Amino acid sequence: VDVNDNAPELVVSSFSSPLPENTVPGTVVALFSVRDRDSGANGKISCALHDQLFFSLRPAYKNYYELVTVSVLDREETAQYILTVTAADAGSPPLTTTQTFTVDISDVNDNAPVFNQTSYTMYVRENNGPTVFVGAVSAADADVGLNAKVTYSLAPGQRAERPSCSCISVNSENGHVFVLRPLDYEQLRQTEVTVSASDAGSPPLRANVTVRLVVVDENDNAPLVLYPAQDSSPPSSELVPVSAEAGYLITKVVAVDADSGQNSWLSYHLLRATEPGLFTVAVQSGEVRLRRPVTERDSVKQKLVVLVRDNGKPPLSATAALSALLLKDFSDVRLPHSSPATEDEGGSLTIYLIISLVFVSLLFLISTAVFVARKVCKRKELKAGHVLYGADNLQSSLADAAAAGTLPRAYCYEISLTTGSGNSEFKFLKPILPSLPPQQCAMGQGPDDEQDFPCVPVSTED
């Protein structure tokens, strides 16, 4: 008579481990057979699986069973399953045999990198040095191995109007963010870039995050005075009645600062004045007012210099120059002010007139000298071409003519003959004293030789 003295035997035919996490339900993990050498009820075997959530036992044929999956596996939730299969006979008392299956789940690249923040905000001071470190991004991948190795890069912007991406760089290994070039707060106050984290799986999975870079202002801009205008022209004069009381508003200095925050907070101070005790400047608004009433001892024209200073560290400042006229009656305002530009133009015009006058005078003198020189040269040429008869021959000829009675009265003739000319001119001098003897007149002797005689020119043919 059989006695239930043999426990069931379980023989594993095949077993698959590790099992990919993307295994479809119904995949056979193990195949095994059971037997019992007893007979009757002592040889009947039943198998049971303790964990029925993800795996189950399924009879195959005869005494073979299959261990199969019944749902999707996730390595990131459970990387290993320990399954216990118990085979028991129907004897009394029943005998059992236990078989343990350790199923490892292998990784599949089914998880993209995940950043530890939904967005990043980083700060950098303007006028920074090149390649300055401003922060880091970090992403983790739930996978393992190459599927979990993350590299970082700048993703192309979704919009084309993002030229600021060229000033930011990301280290591909550790996600450190650097600013490559100095930034100017007045030109770029903040910018956004997209950083991408990608794993090394096949195919790779990636995730993106937005990094916003905020430029922190530095006090690198001095205040700019808008009114009164501080250009090359003299500032306009403010008219103040001498009857004005203390607190009278004269003008207001208006200035701006391109910086922001406390670097753009401006304060106004009276730096210099013709009468320092006459004026006061509001620190916050820049209003220039009378501190006291105007007196007769105050100068009519008052000049003031207002200092405009910001609240940066170190502070920067600018000055505004303005003037005021203390007048009794605004209807009789005469301001004979001539600007430096007008005075410069008048001086330049005077210099030009003087230069022009000197040039004209020199030109006149040169022209006169040339004219005189040409006349002298021409006279020398004429003298060189004349044929002059000697005084003795002329006198003897005239004496003979007088003796012959040809001339009714005694005359002295001067003959000038020009070579190459068809005509000659005779000049005879009529004696002033008609009582002079002909001999003296003809010979040119006597006490009256030095007297001037009128000459009467006579033209004759050769």
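Phe115 is buried, and so is Tyr120; buried here means under 20% relative accessible area, exposed means over 50%, and partly exposed is in between, with a 1.4 Å probe and protein chains only. This is a predicted model, where local features need pLDDT of at least 70 and side-chain atom pairs count only at pLDDT 80 or more, while totals for chains, interfaces and linings use all residues. Residues are numbered from 1 along each chain as its sequence is written, and side-chain values use heavy atoms, with hydrogens and water left out.

Back to the rings. A pair of aromatic rings is described by the distance of the centres and the angle of the planes. The rule applied is that rings of Phe, Tyr and Trp (its six-membered ring) pair if their centres lie within 6.5 Å, with planes under 30 degrees apart called stacked, over 60 edge-to-face, and the rest tilted. That rule gives nine aromatic pairs. For Phe115 and Tyr120, the ring centres are 6.4 Å apart and the planes stand at 75 degrees, so this pair is edge-to-face. Phe115 also pairs with Tyr152: here the centres are 6.5 Å apart and the planes are at 50 degrees, so the pair is tilted. Phe115 sits in strand E9 (residues 114-115) and Tyr152 in strand E13 (residues 150-155), so the contact ties together parts that are 37 residues apart in sequence. Tyr152 is buried, as is Phe115. Elsewhere, ring pairs link Phe15, Phe32, Tyr65 and Phe101 into a cluster.

A note on the element names: helices (H or I, at least four residues) and strands (E, at least two) are DSSP runs, numbered from the N terminus.

Tyr120 brings us to strand E10, residues 119-125, where the side chains alternate.

Next, a sheet. Strands of a sheet pair through backbone hydrogen bonds, either parallel or antiparallel. Three strands in the order E11-E15-E14 make an open sheet with antiparallel pairing. Strand E11 (132-136) and strand E14 (168-170) are the edges, each pairing on one side only. On average, neighbouring strands of this sheet are turned by 30 degrees against each other, direction ignored; the axes are lines fitted to C-alpha atoms, for helices over the stretch in contact, and angles run from 0 to 180 degrees between N-to-C directions. E14 and strand E15 (residues 176-179) run antiparallel and are joined by three bridges. Ile168 stands opposite Val179 in E15.

Now the charges. A salt bridge is a side-chain nitrogen of Lys or Arg within 4 Å of a carboxyl oxygen of Asp or Glu. How many are there by this rule? The count is eight salt bridges.

Glu9 and Arg37 form one of them, with the closest N and O atoms 3.7 Å apart. Glu9 is in strand E1 (residues 9-15) and Arg37 in the loop between strand E3 (28-35) and strand E4 (45-49), so to speak distant parts of the chain, 28 residues apart. Glu9 is partly exposed at 25% relative accessible area, whereas Arg37 is exposed at 62%. Glu9 and Arg37 also belong to a network of salt bridges with Arg35.

Glu66 and Arg58 meet in a salt bridge at 2.7 Å, N to O. Glu66 counts as buried at 18% relative accessibility, and Arg58 is partly exposed at 37%.

Arg75 and Asp107 meet in another, at 3.1 Å, N to O. It links the loop between strand E6 (64-69) and strand E7 (80-89), which holds Arg75, with the loop between strand E8 (96-106) and E9, which holds Asp107, 32 residues away. Arg75 and Asp107 are both buried.

Last, Lys313. Is Lys313 buried or exposed? Lys313 counts as exposed, because its relative accessibility is 74%. Lys313 is in the loop between strand E25 (301-310) and strand E26 (317-327). Its C-alpha atom is separated by 8.8 Å from that of Glu218, 95 residues apart along the chain.

Notes. Two strands pair if DSSP finds at least two bridges between them.
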